[in-house]
Amino acid sequence: MSVTLAHCGGYEVLAEDGVVGEVEQALFPPGANEPDYIVVRVRRRPWGRVPVISTELVFAIDPARGLLWVRGDRERIAGLPEYLPLAI
């Protein structure tokens, strides 16, 4: 799945209860070929929320249709922080 995640920009993101938004960007750790986070532009949010979602939440991808499914409901995904977690 990680090879596809590296090229998932523009994919529609679906939660367990419907559409969340669209992948704006994949975020890669230094020197890595696969992302560990994706940035999602949330639909239905007038203030343009862009939460950062761990790729661990991704459970399915359909590259032919440009779809990516994540665990959780739309509100929970849309409410995730808009920044990377601190590394300690």
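**Core and sheet briefing**

The largest nonpolar core holds 18 residues, and Ile 38 and Leu 68 have the most contacts inside it. Such a core is a set of buried Ala, Val, Leu, Ile, Met, Phe, Trp, Tyr and Cys residues joined through side-chain atoms within 4.5 Å. Buried means under 20% relative accessible area (1.4 Å probe, protein chains only). This is a predicted model: local features need pLDDT of at least 70, side-chain atom pairs count only at pLDDT 80 or more, and totals for chains, interfaces and linings use all residues. Residues are numbered from 1 along each chain as its sequence is written, and side-chain values use heavy atoms, leaving out hydrogens and water.

- Helices (H or I, at least four residues) and strands (E, at least two) are DSSP runs, numbered from the N terminus.
- A second, separate core has five residues, including Leu 27, Val 39, Val 50 and Val 52.
- Beyond four places in sequence, Ile 38 touches residues including Cys 8, Val 23, Pro 51, Val 58 and Leu 68, with contact meaning heavy atoms within 4.5 Å.

**Sheet**

- Six strands form an open, mixed sheet in the order E4-E3-E2-E1-E6-E5.
- Pairing requires at least two DSSP bridges between two strands.
- E4 (52-54) and E5 are the edge strands, each pairing on one side only.

**Pairings of E1**

- E1 and E2 run antiparallel, joined by four bridges.
- Two residues separate them in a hairpin.
- Glu 12 has Glu 22 in E2 as its bridge partner.
- E1 and E6 run parallel, joined by three bridges.
- Val 13 has Leu 68 in E6 as its bridge partner.

Technical notes. Buried < 20%, exposed > 50% of the residue type's maximum accessible area, 1.4 Å probe, protein only.
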